[in-house]
Amino acid sequence: MRYGILAEAFEKLEKTASYLEKNLVIVELLKRTPSEEMERVVLLLLGRPWPAYVSKETGVGMQQLKKAVAKASGYSSSEVDKLMRETGDLGEVVRQLMAKKRQATLFAEELTVERVFDKVKQLPEITGEGSVDRKIDLISELLTSARPVEAKFVVRTVLGDLRIGVAEGRLRDAIAKALNLDPEKVEHAYMLTTDYSVVAKAAAEGGEKGLKRLGVSVGHPVNPMLAQRAEDVDEILERMNGKAAFEIKLDGIRIQVHKDGDLIQLFTRRMEDYSSMFPDLTPPLKKSLKPRRAIVDGELVAIDKRTGKPMPFQEVLKRRRKYEIKEASEQIPVEIQLFDVLLADKRTMIDEPYIKRRAMLEKIVAGAEGKVGVVEQRVLSKKDEVQKFLNSAVKIGHEGLLAKDLNSSYRAGKREFVWLKLKPAMEALDLVVVGALYGRGRRAGYYGSYILGALDEDTGRFKTVTKCGSGYTDEDLETLTKLFKEIQVKKPHPDVDIDIECDVYFDPNAVFEVVYEEIQESPELKHTSTFGLRFPRFVKLRPDKGPTDVTTVQEIRELFELQEKRKSKTRT
Ligand code: AMP
């Protein structure tokens with residue numbers, strides 16, 4: 001296939017910002033692409049000859065590329081620099097220079113997609129002595145046989161900056177449309193392979209059947225299954241037919257481990273390759289995963305060297321800076337706790353129910369000096385047992401529990417109600433209502449959120465803590481609006497410190513009970529108490545309480561400190 005076809009499509013894509021038009025261009029391009037070229041075309045369309053999860057770069061910098069442009073076009077470096085200053089885009093520079101070049105019409109050979117793809121892909125492999133010159137030669141050879149518009153996109157591809165505004169997400173619909181397939185099926189194939197070039201090729205070759213044949217494979221990260229949030233234990237038991245598996249929810253980094261003989265690869269939730277960042281995990285993983293080939297899913301947690309206890313998530317992230325890997329792996333050792341298996345030797349596990357996957361996981365993981373383990377789990381059906389397990393997990397310093405539907409398959413890339421997060425509800429607060437904002441949409445005509453405050457013991461003043469806009473039933477919205485309309489005033493009461501502009505204010509009398517997930521210090525919205533609540537939810541009106549009975553700012557500070565201690569609290 002001529003590279004010119006691709007370059008012309010790129011040119012059109014660059015010129016239009018319209019989603020629909022862009023899609024049309026991609027659909028047309030894919031329709032013209034023979035199946036054997038499909039992988040290359042899709043990858044080049046996304047800007048690199050590698051799928052996104054491969055952490056490779058061409059390694060060619062602007063200066064080298066400028067030299068290649070000068071060499072291919074026959075213009076001097078200073079002319080390249082001058083045009084570069086004018087346009088700010090080396091792609092545009094090379095287009096103009098190649099167009100001016102006298103022998104521009106004499107092509108030694110037609111530039112093909114295959115040639116551009118292969119040559120760009122070779123670039124990182126050129127290393128050692130003289131590699132800079134060899135890279136320049138390779139690129140200038142490509143440019144010499146390119147038409148001006150082709151040269152523009154070759155240069156941008158080498159730079160890793162295609163600027164045509166095509167993100168991966170767009171390809172689902174374009175592939176489906178071009179090949180007459182159900183977009184959902186295209187997406188599902190992508191969730192398993194994380195690579196639209198593989199998906200497009202399979203679809204072009206075998207249609208829907210081709211997509212179905214695509215499965216998980218070692219070396220290709222699978223989009224991880226995600227969890228929904230549950231309100232409480234009742235909701236979980238109801239959604240999961242009275243019984244579920246409950247696992248400890250660890251606070252670390254989600255890691256998918258791929259084992260292929262001696263090769264261990266680690267992928268993050270966003271399918272980035274983290275293998276080189278945790279070299280200390282490779283030997284224990286090799287040792288403890290029994291199958292030759294396997295894909296397992298788990299959470300990486302950091303261990304405090306002094307105490308041997310798990311550290312908060314931020315500590316794990318500190319190891320991300322590559323230059324300190326060696327020191328970090330000594331200072332902050334990590335371990336991985338596994339909770340799922342997607343492939344074990346030849347057996348694909350993703351379509352098996354949870355309970356079978358768990359059994360397989362336990363079978364294939366052998367302990368490796370405590371560096372690799374299987375997450376603690378209990379199958380429970382009684383509310384008080386779940387609550388006990390939750391309490392004990394939180395006491396040890398974990399975030400909460402994850403409830404998993406015993407019959408659910410591994411739903412790659414999906415956030416559904418078959419995995420449910422259960423976090424401990426924080427102690428409820430009683431707060432005084434000091435203002436409100438009108439609701440919008442479905443809540444038009446009602447107050448949609450209320451501003452709530454705590455009592456500052458030292459000054460006797462009321463200070464705001466949260467803007468609470470959820471937890472209300474339709475009936476609550478109606479009765480509360482009716483009630484508060486009667487007592488609304490135009491200005492805040494003199495005893496209230498409030499920096500938030502409200503639609504109406506109230507004298508500090510009525511009290512709400514609210515729950516929340518976390519207390520925040522210096523939240524986004526400026527609260528005069530200096531604290532804020534994450535995910536506040538209205539529970540009920542407390543007519544039995546008055547403004548002097550409400551939670552104090554000092555108590556909130558204590559709760560905050562307790563919460564922080566609990567967060568960093570570790571296994572004892
Ligand atoms: P969240 O990030 O709050 O949506 O919670 C989901 C995340 O919890 C997953 O992506 C994992 O990184 C993490 N996690 C911790 N323990 C488990 C577990 N036992 N099962 C699944 N995910 C877990």
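Three domains make up the division of this protein: domain 1 (48-159), domain 2 (231-422) and domain 3 (429-570). The model is a predicted one. Between the centres of domain 1 and domain 3, taken over C-alpha atoms, the separation is 60 Å.

- At least two lining residues come from each of helix H18 (383-396) and strand S11 (415-422).
- By class, the pocket lining consists of 11 nonpolar, 7 charged and 2 polar residues.

**Cavities**

- The lining of the second largest cavity is formed by Val-222, Pro-224, Arg-254, Ile-255, Gln-256, Phe-267, Thr-268, Arg-269 and Asp-297.
- Strand S3 (residues 253-260) contributes the most to this lining, with 3 residues.
- The cavity lining divides into 4 nonpolar, 3 charged and 2 polar residues.

**Helix H10**

- Within helix H10 (residues 171-178), the buried residues are Leu-171, Ala-174, Ile-175, Ala-176 and Ala-178.
- The cover over the buried residues of H10 includes helix H2 (19-32), helix H3 (38-45), helix H11 (183-193) and helix H12 (196-213).
- After H10 comes Asn-180, which has a positive phi near 60°.

**Aromatic pairs**

- There are 17 aromatic pairs in the structure. One of them joins Tyr-450 and Phe-512 in an edge-to-face arrangement, with 5.3 Å from centre to centre and 70° between the planes.
- Tyr-450 belongs to strand S13 (residues 447-456) and Phe-512 to strand S17 (residues 511-515), so their pair ties together parts that are 62 residues apart in sequence. Tyr-450 and Phe-512 are both buried.
- Phe-484 and Phe-506 form a tilted pair, because their ring centres are 4.8 Å apart and their planes stand at 55°. This pair links distant parts of the chain, 22 residues apart: Phe-484 is in helix H19 (residues 474-485), while Phe-506 is in the loop between strand S16 (504-505) and S17. Phe-484 and Phe-506 are each buried.
- One aromatic cluster contains Tyr-438, Tyr-447, Tyr-450, Tyr-472, Phe-484, Phe-506, Phe-512 and Phe-538.

Terms used:
Residues numbered from 1 in each chain as written. Predicted model: local features only at pLDDT ≥ 70, side-chain atom pairs only at ≥ 80, totals over all residues. Heavy atoms only, no water. Domains from an automatic or database assignment. 1 Å grid on protein atoms, 1.4 Å probe; cavity = no way out; pocket = protein on both sides within 12 Å on 5 of 7 lines; lining within 4 Å. Helix = DSSP H or I, 4+ residues; strand = E, 2+ residues; numbered from the N terminus. Nonpolar A, V, L, I, M, F, W, Y, C, P; charged D, E, K, R; others polar. Buried < 20%, exposed > 50% of the residue type's maximum accessible area, 1.4 Å probe, protein only. Contact = heavy atoms within 4.5 Å. Phe/Tyr/Trp six-rings, centres within 6.5 Å; stacked < 30°, edge-to-face > 60°.
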